[in-house]
Each structure stands twice: as C-alpha cells, then as structure tokens.
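Entries follow in the order I worked.

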Number of protein chains: 2
Amino acid sequence: MESPVPHEPPIYRRIADRLRQAILAGEFRDGDRLPGENALMSEYGIARATARQALAVLINEGVAVPRRGSGVYVRQFRPIRRHGSRRLSREQWGTGRAIWDSDTTGRPYSVDDLTITREAAAGEAARVLDCDEVWVRRRRYSVDGRPVQLAASHFPADLVTGSPITAQDTGPGGVYARLRDLGHAPVHFTEEVRARMPTPEESAKLGLPAGTPVIEVCRSAFAGGGAAVELNKMIMDAASYVLQYDFDA
Amino acid sequence: MESPVPHEPPIYRRIADRLRQAILAGEFRDGDRLPGENALMSEYGIARATARQALAVLINEGVAVPRRGSGVYVRQFRPIRRHGSRRLSREQWGTGRAIWDSDTTGRPYSVDDLTITREAAAGEAARVLDCDEVWVRRRRYSVDGRPVQLAASHFPADLVTGSPITAQDTGPGGVYARLRDLGHAPVHFTEEVRARMPTPEESAKLGLPAGTPVIEVCRSAFAGGGAAVELNKMIMDAASYVLQYDFDA
DNA sequence: CAGTGGTCTAGACCACAGC
DNA sequence: CTGTGGTCTAGACCACTGA
C-alpha cells in the first residue's frame with residue numbers, strides 16, 4: 001500500500017535540494033563558493049554533521065567540489081568532444097599526430113607515463129585478440145594540464161613484435177598507420193561504451209573529485225580478414241567528455 | 001588513541017578498501033550481505049558514524065547497495081547491450097515493435113507512462129530542430145520489471161501534427177516508419193553520449209541506488225535534405241547498459 | 001520482536017588555505 | 001592567526017525488515 005501522505009524529506013536533503021536549485025537558477029555560477037558548513041549550521045540551526053551531509057549530497061552528485069581549508073565550490077565543466085567514427089577514417093592516419101588530434105580541436109594536450117610492455121593476454125584481450133601474448137601501450141592524456149583519459153592498447157604479439165608499435169615513437173599516423181604497413185590495416189571498429197564510478201586507482205590517476213563517473217570505452221579494431229588487431233581500453237573522466245557517433249540509416 | 005602516521009589513509013577508507021578487495025576477490029558475491037554497521041563497529045572498535053562512513057564509500061562507488069532494515073549488499077549487474085548503428089538500419093523500421101526490440105534480445109520489456117504533449121521548443125530542441133513548437137513523446141522503459149531508461153522524443157510540430165506520431169500507438173515500425181510516410185525518412189543519425197550522476201528526479205523515476213551514474217544519449221535524426229526531424233533525449237541507468245557502436249575505417 | 005540502516009545532536013582534534 | 005573542510009566519538013530516536 002502506498003502511504004497517503006508523502007512524508008517530508010529529511011532536513012539535509014531539503015537543504016541540498018535548495019542549494020541545487022539555487023545553482024541551476026544561476027544564483028551560483030561555475031566556480032562560485034557555496035555556503036560552508038558553518039554557514040549552514042547557523043542558517044538552519046543544525047548540527048555540523050547534518051550540514052556536512054547536505055553538502056555531501058551535492059558533492060556525490062558531482063555538482064559541487066570541496067576544497068580543504070577553503071570552501072565548497074560549484075563544479076566547472078568544459079567537455080571535450082570526441083568523434084567516434086569520423087576520427088578513425090583512413091585519412092586521419094596520414095596526419096602527423098595520430099588520432100588524438102581530432103578530439104581536442106586546438107586545445108593543448110599531453111601524454112604522460114607512456115609504458116610499453118609485453119604481457120600474457122588476459123580476460124577480454126585474450127578472447128577478442130585470440131592470442132596468448134600481447135604488447136600493451138599504456139598512457140595518460142591531459143588537456144589544459146588536467147588528466148582526462150587513461151588508455152591501454154593491446155596488440156597481438158605475433159603481429160607487432162619488432163615493429164614501431166613496440167617503440168616509444170610510432171611514427172607519423174600512429175599505430176594504425178603501422179598496422180597498415182604490416183599488412184593488417186584496420187577496416188572495421190567496434191566500440192563498447194559503459195559508465196560507472198571509478199575505482200580508487202582510476203580516481204587517483206585521473207585526479208577525480210567525488211561524484212565523477214568514468215566513461216569506459218572498449219574499442220576493437222578488425223583487419224580485412226575479420227581478425228581483431230587491436231583492443232584499446234579507455235577510461236575517461238566523464239565530466240570532461242562528450243562522445244559523438246555519426247551513422248546512416 | 002594511536003597516533004596515525006601522517007600519510008596513512010583514514011580508518012574508514014582502510015575499511016572500505018578492505019571490503020572492496022574482499023568483493024573483488026570473490027569473498028562476497030553479487031547479492032551477498034556485507035558486514036553491517038554493528039559488525040564493523042565491534043570488529044574495528046570504531047564509532048557508528050565511522051562504520052557508516054566506510055560503507056558510504058562503497059555505496060557511493062556503486063559497489064554496494066543498502067537495504068533499510070536489512071543490511072548492505074553487494075550490487076548486482078545485468079547490462080543490456082544496445083547497438084547504436086545496426087538498430088537504426090532501415091530494415092528495422094518494418095518490424096512490428098519498433099526499435100526497442102533490437103536492444104533487449106528476448107528479455108521482457110515494458111513501456112510506462114507514455115505521455116504525448118505539444119510544447120514550446122526550448123533550448124537544445126529549439127536549436128537542433130529549428131522550430132518553435134514541438135511534439136514530445138515521453139516514456140519510461142523497464143526490463144525485468146526494473147526501470148532502465150527514460151526517453152523524450154521531440155518532433156517539429158509543423159511536421160508531425162495530425163500524424164500517428166502524436167497518437168499513443170504509432171503503428172508498425174514506430175515513429176521512423178511514420179516519418180518516412182510523411183516524406184521525411186531519417187537518413188542520418190548523430191548520437192551524443194555523456195555520463196553524469198543523476199538528478200534527484202531521474203534517480204526517483206529510475207529507482208536508482210546511490211552511486212549509479214546515468215548515461216545520457218542525445219540522438220538527432222536528419223532527413224535527406226539535412227533537416228533534423230527528431231531529437232531524442234535518453235537517460236539510462238548506467239549499470240544496466242552497454243552501448244555498442246560499429247563503424248568502418 | 002530484535003536488528004538493521006536513516007537521521008540527528010554536541011561535542012573533539014586535525015590539516016590545510018589564505019590573510 | 002582564523003576559518004575551512006576532514007575525521008572521529010558517544011550518544012539518541014526513528015522506520016523499516018524479517019523471523
């Protein structure tokens with residue numbers, strides 16, 4: 001049975017709702033400081049823990065971000081637009097800086113922590129690439145000095161050992177151009193997109209505040225014969241990305 | 001009191017980490033009950049609020065879900081695979097039950113709360129559809145009895161007024177087949193994908209536990225002349241979906 | 001019914017930011 | 001230095017679940 005009277009939400013929720021409303025109404029803008037714990041305590045006559053609870057709601061929603069010793073602030077967004085299909089067209093392979101360029105459209109970016117290792121294939125990589133040994137290129141991308149994406153590209157060891165794909169610099173056009181040189185040019189791609197809360201490790205590597213989900217994109221690249229030649233697992237700060245896919249009926 | 005070493009994580013975080021590790025290690029499986037507040041209090045000799053804080057970490061990560069009066073449980077996932085491009089191919093329009101079928105692949109689904117309204121176009125809809133008045137079809141989809149998606153399709157009023165698109169039942173093949181009948185068959189689609197934490201309203205309508213992001217898909221459909229004929233805004237429970245996009249190089 | 005999580009109070013000490 | 005958020009304690013009453 002439904003209760004005929006919808007009972008009132010708890011105080012902390014009403015406060016959070018009111019603050020959220022004020023943010024949406026533009027009373028607080030991106031980066032503005034919100035009323036802090038002390039302000040809420042005196043304004044509403046509540047205990048400290050209750051004020052914290054109200055702010056925690058907004059923080060866990062990703063609407064606000066706390067800064068220690070300073071205050072709680074309205075969160076700012078400036079998403080990167082990432083084109084799913086256009087960016088992987090063959091024409092792109094010839095350009096100097098590989099695929100990543102077509103994402104940021106002029107904004108400065110950088111690559112951190114590039115590591116290249118040979119590993120035993122595990123789980124999804126073993127299944128999709130259908131092999132036992134893989135080369136893995138892991139790296140982190142930053143835009144405007146902020147880390148936004150972790151990526152791990154897996155290649156069948158049989159295919160790429162000895163090629164520039166296992167070197168720091170893959171040369172003009174990136175790994176897809178090199179796969180083409182090896183006679184395994186990708187002709188088809190599949191991307192699987194999920195969203196979830198980050199693991200603590202991802203959260204640390206991307207410097208994510210609480211309340212920020214990650215978008216997980218798992219891309220498989222297939223050569224002409226239908227064999228998978230790359231599996232790229234990407235973890236993106238959801239607040240920094242808009243994924244765009246174009247296709248025809 | 002012990003004096004903690006400066007750079008050691010706080011107790012609640014260590015407890016959360018340990019529980020998360022136990023879950024990943026398989027000591028707790030999907031749906032299993034985790035140690036509750038009282039258990040953690042006595043096991044670690046901590047106050048109630050601290051035990052709650054530890055559990056809150058897992059809950060906000062979407063790893064665990066609290067059940068009032070019962071306990072805290074390991075969260076279960078059963079994602080639906082949604083095909084981005086294949087599902088919108090022309091062949092699908094002829095089938096009886098519109099596009100939704102190609103998602104669930106056999107699992108029972110239902111549509112709730114279908115409302116059809118004529119409204120003044122606002123924001124994104126006005127811009128993309130380039131019109132002042134729109135018809136909006138809002139509905140909620142459920143799979144296995146659980147709501148998983150909210151959708152709001154916007155159509156230019158000039159185009160669809162008087163057509164079955166403004167009726168409860170759009171007939172075989174759904175709205176895209178009707179747009180074709182009207183001479184505005186969609187030939188191109190763009191989908192924008194974002195992820196974020198839900199608003200309280202979305203959270204309520206989808207029955208989301210804390211720590212569950214939503215995936216926001218905004219699809220524009222374009223007719224032959226390049227004019228947008230539909231803008232469909234979808235909000236999906238991120239724990240229930242995997243989006244798949246296929247495309248060629 | 002006893003046990004659970006949900007809310008709330010009134011304190012405390014700490015690390016850190018910014019003046 | 002003061003004010004901020006971060007952590008923690010020791011209580012309390014409530015609504016709900018499940019035996």
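Predicted model: local features only at pLDDT ≥ 70, side-chain atom pairs only at ≥ 80, totals over all residues.

**Entry 1. Helices α2 and α3 of chain B.** I started with the axes of α2(B) and α3(B), which come within 9 Å and cross at roughly 115°. I noted the hand of this crossing as right-handed. From α2(B), the residues in the contact are B:Glu37, B:Leu40 and B:Met41, and from α3(B) they are B:Arg48, B:Ala51, B:Arg52 and B:Leu55. Sorted by class, the contact of α2(B) with α3(B) holds four nonpolar residues, three charged and no polar ones.

Entry 2. I then looked up α2(A) and α3(A), which pack at an angle of about 115° with their axes 9 Å apart. The crossing of α2(A) past α3(A) is right-handed. On the α2(A) side I listed A:Glu37, A:Leu40 and A:Met41, and on the α3(A) side A:Arg48, A:Ala51, A:Arg52 and A:Leu55. The class count for the contact of α2(A) with α3(A) is four nonpolar, three charged and no polar residues.

**Entry 3. Helices α1 and α3 of chain B.** Next I took α1(B), residues 11–24, against α3(B): the angle is about 45° and the axes are 8 Å apart. I wrote down B:Tyr12, B:Arg13, B:Ile15, B:Ala16, B:Leu19 and B:Arg20 as the α1(B) side of the contact. They meet B:Thr50, B:Gln53, B:Ala54, B:Leu55, B:Val57 and B:Leu58 of α3(B). The residues of this contact of α1(B) with α3(B) divide into eight nonpolar, two polar and two charged.

**Entry 4. DNA strand C.** I moved to the DNA. How many residues surround DNA strand C? I found 24, the closest being A:Ile11, A:Ala47, A:Arg48, A:Thr50 and B:Asn38.

A polar side-chain atom of B:Asn38 is 2.3 Å from a phosphate oxygen of DNA strand C. A:Thr50 also has a polar side-chain atom by a phosphate oxygen of DNA strand C, at 2.5 Å. For B:Arg48, an N or O atom of the side chain lies 3.0 Å from a base nitrogen of DNA strand C.

The elements giving two or more residues to the surface near DNA strand C are α1 and α3 of chain A with α2, α3, β2 and β3 of chain B. Which element gives the largest share of that surface? It is α3(A), with four residues. By class I have eight nonpolar, eight polar and eight charged residues near DNA strand C.

**Entry 5. DNA strand D.** I repeated the look-up for DNA strand D, which 25 residues surround. The closest are A:Asn38, B:Ala47, B:Arg48, B:Thr50 and B:Arg68. Sugar or phosphate accounts for 73% of the atoms of DNA strand D within 4 Å of the protein, and bases for the rest.

A polar side-chain atom of B:Tyr12 is 2.9 Å from a phosphate oxygen of DNA strand D. The side chain of A:Arg52 places an N or O atom 3.2 Å from a phosphate oxygen of DNA strand D. From A:Gly69, a polar backbone atom lies 3.1 Å from a base nitrogen of DNA strand D.

At least two residues of the surface near DNA strand D come from each of α2, α3, β2 and β3 of chain A and α1 and α3 of chain B. The largest share, four residues, belongs to α3(B). My class count near DNA strand D is eight nonpolar, nine polar and eight charged residues.

Conventions:
Residues numbered from 1 in each chain as written. Chains lettered and ligands numbered in written order. Heavy atoms only, no water. Near = heavy atom within 4 Å. Polar contact = N/O pair within 3.5 Å; in protein donor to acceptor, adjacent residues only side chain to side chain. Nonpolar A, V, L, I, M, F, W, Y, C, P; charged D, E, K, R; others polar. Axes fitted to C-alpha atoms, helices over the stretch in contact; angles between N-to-C directions. Contact = heavy atoms within 4.5 Å. Left-handed = near helix turned anticlockwise from the far one by under 90°.
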